[in-house]
Amino acid sequence: MIPFVDLKTQYKSIQHELDEAIRNVINDCAFIQGKYCKEFEENFARACESSFCVGCSNGTTALELALFAYGIGQGDEVILPSHTFIATAEAVSNVGATPIFAEIENTTFTINPNDIEKRITSKTKAILPVHVYGQVADMDSILEIAKKHNLAVIEDCAQAHLAEYKGHRVPVGETGCFSFFPGKNLGAYGDAGAVVTKNEKIAEKIREKLNHGRKKGEKYSHSSIGTNYRMDGLQGAILNTKLKHLPKWTERRRQAAALYNKGIKNNERLKGHADIIPPIEADYGKHVYHLYVIRTPRRDELMQKLKENEIECGVHYPIPLHLQKAYAFLGHKEGDFPVTEQAAKEILSLPICGNITDESIQKVLSIFSIH
Ligand SMILES: *Cc1c(COP(=O)(O)O)cnc(C)c1O
């Protein structure tokens, strides 16, 4: 069996470090936030080439906190791609604002800047691009549009730890939100997330909000109405331990993608057919392959074949957000986003992780050639 993501093997490879990190948290009773979370925040801010990192409970709350900190709420509109995990839109809804869906690029699957401009109204307050699959969106164009219309930009970096745009790590703009869901490129052993920002005021607002409205040093006095979106000490310690290995795991993902690409391009049966299209890496950046997503008109058939051969695969995502029942109130219909809808029918995610073996990749490729 070839798993989609192999977290057990990853654990075994650094078991001693992780076990010690977990023991330390328990010995020190540093269960909520505390020194291990603080250490992780400092290291992760540095890893992102940014100034501040605020750890929180998960990637969805990271997005909510960032939207809140930029003052986005009731009556505001936020533009985001229809092609993403639903959490991106949920965060907008959960702060009381309205998600406005936009079309994606046919090549990178990231939000199409021309389509963003068409959807700007007097209510638009922010753009929420998603660095989907681990590839950065066309950020120069997005930041330019934002500047022209005086909009905030919050990047959904949940799939893009250490991804680069023109030689710089994400977030490209001021602020980005990360998820450390166990299966993400940097994964906790439970739920966790973070907001990374170059803006100290934004970081302070978020720190206060996620910890019951307490300003620094306050215990039972509360400056504002907050909530509890804090990060656990165990997750902080685990993430800090794993972070040291992330560059190596990221390189392995890129190597795996290169092997898949080569295998697909050299396949005699596929030559000249353009039947299976490997992912397209934009020349402006460095893709970190959270997901390795091919495109093919015979997706369902190929998926079946992989399953029969005990190879796990997935579709990210089969139903665009504008066609989800949850967002039916926005009144969209099939045909509103043709590029997104076509992609949803043709995409297929193959197994990839920081410790995938060459043998596994060859096994997956062999399914294509006998097909
Ligand atoms: C995983 C993910 C999220 C949400 O993160 P959670 O930690 O699961 O809440 C948000 N956006 C995208 C694009 C994601 O992939």
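Which residue has a polar side-chain atom 2.6 Å from an oxygen atom of the ligand? In this predicted model, where local features need pLDDT of at least 70, side-chain atom pairs need 80 or more and totals for chains, interfaces and linings use all residues, it's S179. Residue numbers start from 1 along each chain as its sequence is written, and side-chain values use heavy atoms, with hydrogens and water left out.

A ligand oxygen atom is 2.8 Å from a polar backbone atom of G59, and one is 3.1 Å from a side-chain N or O atom of K184. The protein buries 93% of the 380 Å² that the ligand exposes when taken alone (areas are Shrake-Rupley values with a 1.4 Å probe; for residues, only the protein chains shown count as cover).

Now for the strands (DSSP runs of E, at least two residues; helices are H or I runs of at least four, and both are numbered from the N terminus). Strand β4 (residues 124-127) runs parallel to β2 (residues 77-81), joined by 3 bridges, and parallel to β5 (residues 152-156), joined by 2 (pairing takes at least two DSSP bridges). I127 of β4 partners I79 and also stands opposite V153 in β5. From β4, the chain passes through helix α7 (residues 139-149) to β5 in a right-handed β-α-β crossover, meaning the path runs clockwise with the strands pointing away from the viewer.

V170, in the loop between β7 and β8, is buried at 1% relative accessible area (buried is under 20%). Its contacts (heavy atoms within 4.5 Å) include C48, H131 and F178.

Terms used:
Buried means under 20% relative accessible area, exposed over 50%, partly exposed in between (1.4 Å probe, protein chains only). A polar contact is a pair of N or O atoms within 3.5 Å; within protein, one must be able to donate a hydrogen and the other to accept it, and residues adjacent in sequence count only if both atoms are side-chain atoms. Lists of a residue's contacts leave out its neighbours within four places in sequence.
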